[in-house]
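These questions and answers are for a reader new to this structure. Each answer sets a value against a definition.

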Amino acid sequence: MVVELYLDLLSQPCRALFIFAKKNNIPFEFKHVELLKGQHLSEEFGKVNVLKKVPALKDGAFTLAESIAILLYLSRKFNTPDHWYPSDLQKRARVDEYLSWQHTTIREKGCQIFIIKVLAPLLIGQPFSPEKLEEAVKELNSVLNQFEEKFLQNKPFIVGNEISLADLMAIVELMEPVGCGCDIFENRPKLVEWRSRVEEAVGKELFQQAHEILLNAKNLSTTQLPPELRESMKRLLKP
């Protein structure tokens with residue numbers, strides 16, 4: 001049975017799921033849920049995910065939320081190659097370790113830059129202060145140092161010689177600032193080499209396909225965003 005994946009490739013976790021499913025030839029139906037049109041807040045989507053967030057999965061009558069849970073579900077259901085989520089106890093623990101760490105570090109800091117440079121100007125009509133952007137970049141650089149020293153070290157990938165779910169989740173998050181013109185890979189040769197290996201492992205064409213919308217973020221529009229959602233987001237983003 002073909003699973004349904006509810007995605008918007010503007011979202012980092014959605015890109016990870018899209019790449020994982022495509023790379024592993026998992027049969028799925030792409031259900032596009034456009035965040036900037038507020039489609040995730042619809043009553044129809046709420047029947048799939050009561051949390052009203054993407055990504056979401058529907059497999060027959062079974063539904064599932066949260067990107068990591070979905071990745072693990074797909075890896076088990078479709079018996080994907082072991083390197084993605086290793087059966088070796090300690091290698092699997094390393095993947096779990098990174099996936100547990102990244103939420104409030106790589107993800108949070110990378111998102112903040114995207115909000116400052118793209119979402120806030122779209123919604124509020126004026127950029128955040130350069131000082132706020134500078135502080136966000138400083139915070140991201142701090143966690144990038146941790147990423148290199150703790151997780152990547154001198155290995156080809158986070159867990160060793162092969163790509164895993166940890167690398168996949170990491171790269172989609174680190175591409176978020178890149179999508180708004182912030183080259184976080186500059187002056188970080190170890191990170192540049194790791195990114196190249198990840199792109200090769202998933203396939204450069206697939207990688208580009210997954211990130212096409214993000215890399216054209218300057219063309220984004222919120223004109224179709226429901227007024228109540230626009231005002232709510234403005235209050236959240238107001239500097």
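What follows covers the sheet, the aromatic pairs and the cysteines.

This is a predicted model, in which local features need pLDDT of at least 70 and side-chain atom pairs count only at pLDDT 80 or more, while totals for chains, interfaces and linings use all residues. Residues are numbered from 1 along each chain as its sequence is written, and side-chain values use heavy atoms, with hydrogens and water left out.

Q: What makes strand β1 largely enclosed by the rest of the structure?
A: Buried means under 20% relative accessible area, exposed over 50%, and partly exposed in between (1.4 Å probe, protein chains only). Five of the five residues of β1 (residues 3–7) are buried, so the strand is largely enclosed. Val3, Leu5 and Leu7 point one way and Glu4 and Tyr6 the other way. Strands (E, at least two residues) and helices (H or I, at least four) are DSSP runs, numbered from the N terminus.

Q: How do you know that β1 and β2 pair, and which way do they run?
A: Two strands pair if DSSP finds at least two bridges between them. Five bridges join β1 to β2, and the two run parallel. The bridge partner of Tyr6 in β2 is Lys31, and that of Leu5 is Phe30.

Q: Which way do β1 and β3 run, and how many bridges join them?
A: Three bridges join β1 to β3 (residues 56–59), and these strands run antiparallel. Tyr6 stands opposite Ala56 in β3.

Q: Why is the pairing of the sheet called mixed, and which strands stand at the edges?
A: Strands of a sheet pair through backbone hydrogen bonds, either parallel or antiparallel. Here β1 runs parallel to β2 and antiparallel to β3. The four strands form an open sheet in the order β2-β1-β3-β4, and its pairing is mixed. β2 and β4 (62–65) stand at the edges with a single partner strand each, so one side of each has no neighbour in the sheet.

Q: Why is the pair of Phe18 and Phe28 called edge-to-face?
A: Rings of Phe, Tyr and Trp (its six-membered ring) pair if their centres lie within 6.5 Å; planes under 30 degrees apart count as stacked, over 60 as edge-to-face and the rest as tilted. The centres of Phe18 and Phe28 are 6.3 Å apart and the planes stand at 90°, which gives an edge-to-face pair. Phe18 lies in helix α1 (residues 12–23) and Phe28 in strand β2 (residues 28–32), so the pair ties together parts that are 10 residues apart in sequence.

Q: What makes the pair of Trp101 and Phe151 tilted?
A: Their ring centres are 4.7 Å apart and their planes are at 40°, so the pair is tilted. Trp101 is in helix α4 (residues 89–101) and Phe151 in helix α6 (residues 130–152), 50 residues apart. Phe151 counts as buried, at 4% relative accessibility.

Q: How do you know that Cys14 is in no disulfide?
A: A disulfide is a pair of cysteine sulfur atoms within 2.5 Å. The nearest cysteine sulfur to Cys14, that of Cys111, is 12 Å away, and Cys14 is in no disulfide. For Cys182 the nearest is that of Cys180, 6.2 Å away, and Cys182 is in no disulfide either. A search of the whole structure finds zero disulfides.

Q: Why are Cys14 and Cys182 called buried?
A: Cys14 is buried, with a relative accessible area of 0%. Cys182 has 12% and is buried too.
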